Amino acid sequence: MEKERLLELATQYKNESFSGRYIPVEDVNNFIAKFSEDQNRVIGKSVLGLPIYELHLGGGSIKVLMWSQMHGNETTTTKALIDFIGFLQSNSAEAKEILSKISFSFVVLLNPDGAKIYTRSNLNEIDLNRDAQLCSQPESRAFKKLYMEFQPDYCFNLHDQRTIFGVGEPAKPATISFLSPAFNEDRGVNENRIAGMQLIAYMNKSLQQIIPNQVGRYDDGFNLNCVGDTLQNLGIPTILFEAGHFEDDYEREETRKLILIALLKGSWGLSNKTHKHINYKDYFTIPENKKCFYDVILRNVGRQNIDLAIQYKETLKRNKIIFVPFLETLGCLKAYVGHKEMDVSGKKVIINRKEEWSEITEIQELSVDGKECLVNLTKA
Ligand SMILES: [Zn+2]
C-alpha cells in the first residue's frame, strides 16, 4: 500500500460520528452493537458494571489483537480503530485481502469507567497498564482471559501521549511514537521483539513520507506490570502505539488519520508478510522520544529574560474537553520548545498584578499587547 492509497483510504473511512477528545461510552457501545451476535460479545464488566466488548472480524490464520483506551482519557486511537473497523467492513480489495489472512480481535474501549469520567485510571484509581501481573481489577481480568483464550500472534497496544514529547534536532512534535517493548530486564533482542521492530520500521517508512521526522521511539525500560511487557514476556510480539501532538491539532483529528494510516499499513504488512523484507535494525534509526515541549512558552520575561512555560490541562466539561492553561514553570527553558512561542522581550510582564510568580496555578487570562504581558492566575 503506497502513500497515496493510504491517504485516500484514511480520508474515505473517517467515521464522522466520532470526533474531538471526548468520546461518549454509549456512542462506542452503539457502534459495536450494530455488529452481528457472532461478531461481538461481552468479555467482562468494569468496576461500575459497564460491559467491555470484544469485536471479532476476519477469518485468516494470523491472529491479531488490538485494544484501545486502556487509559480512559486516551481517545485518539479509539477514533482511529473505529475508522479502521469501518474500512474492514468495506468491499475494497485491500480489506477483503486483509480479512482473508487475519483474524482480528478488537477491544475498542477497555476502560469504560475511565472513559466516562475522562481519567487515565479506572474507577478504583488503578492504572490498568500497571496491573498486568496482579490483575486486581475486573478490566484487567477480562482482558487477560481474552488474550489467554485468543492466543494472538501479534498485539497492537493503542495509547495517547502528552504534548510534551518531541523528536529530533531541532525538535518536532512526536506525532506518533512506537515501542517494541523489552521482554526482560536486560532489554535484549529476541525473535518476537524483532518481529515487532520490523513491523514498526515498515509502518514508519510510510509515515516518514507523510510526517517526516515526527515519529518517535519510546524508551524500553522493562516493567512486567505493563501489559505490553507482559505479552512480550509471554512471547507475543506486541507493538505500543502512542498518538501524540500534531501542530494546532489539540482535538487530534490529524493524528487520528495518521494512526489509521499506521493501522492500515501494519495490517497490510502482516497479511502479506511484506514487513518481513524490512531490516529490523531500521527500527533504531527512529529517534528516541524526549520530553522537550510545552504547550506555550513566553520568551524573555522580565529584566532577567527568563522563560515562562504554560501547559494545558484537559478538563471535562459538559461532554467536551476544555484545555485549561496552567503556569507550569519559569526559568531558563532554552532546551525546550513551545508548540506556541511568544517573545515578550521589552514588555512589562505582570503576573497577578505583581512582577513575580509564586506557584503552579491556573491561568484565567493571558494577554500580550504593545508594552505589557498580563497573566492573571486564579489563586495568588
Ligand atoms: Zn496510555
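This is a predicted model: local features need pLDDT of at least 70, side-chain atom pairs count only at pLDDT 80 or more; totals for chains, interfaces and linings use all residues.
Buried here means under 20% relative accessible area, exposed means over 50%, and partly exposed is in between, using a 1.4 Å probe and protein chains only. Residues are numbered from 1 along each chain as its sequence is written, and side-chain values use heavy atoms, leaving out hydrogens and water.

**The zinc site**

- His71 (ND1), Glu74 (OE), Glu74 (OE) and His159 (ND1) are the protein donors of the zinc ion, 2.0 to 2.6 Å from it; donors are N, O and S atoms within 2.8 Å of the metal (3.2 Å for Na, K and Ca), and with water not among the atoms, sites may look incomplete.
- Along the sequence, the donor residues follow the spacing H-x2-E-x84-H.

**Aromatic rings**

- The whole structure holds 18 aromatic pairs (rings of Phe, Tyr and Trp, the last by its six-membered ring, with centres within 6.5 Å; planes under 30 degrees apart are stacked, over 60 edge-to-face, the rest tilted).
- Take Tyr250 and Tyr312: their ring centres are 5.5 Å apart and their planes at 90 degrees, so this pair is edge-to-face.
- Tyr312 is partly exposed, at 29% relative accessible area.
- One aromatic cluster is made up of Tyr13, Phe84, Phe87, Phe104 and Phe106.

**Charges over rings**

- Lys63 has its charged end over the ring of Phe150, 5.7 Å from the centre (NZ of Lys or CZ of Arg must be within 6 Å of the ring centre and within 35 degrees of the ring normal).
- Likewise, the charged end of Lys265 sits over the Tyr202 ring, 4.6 Å from its centre.
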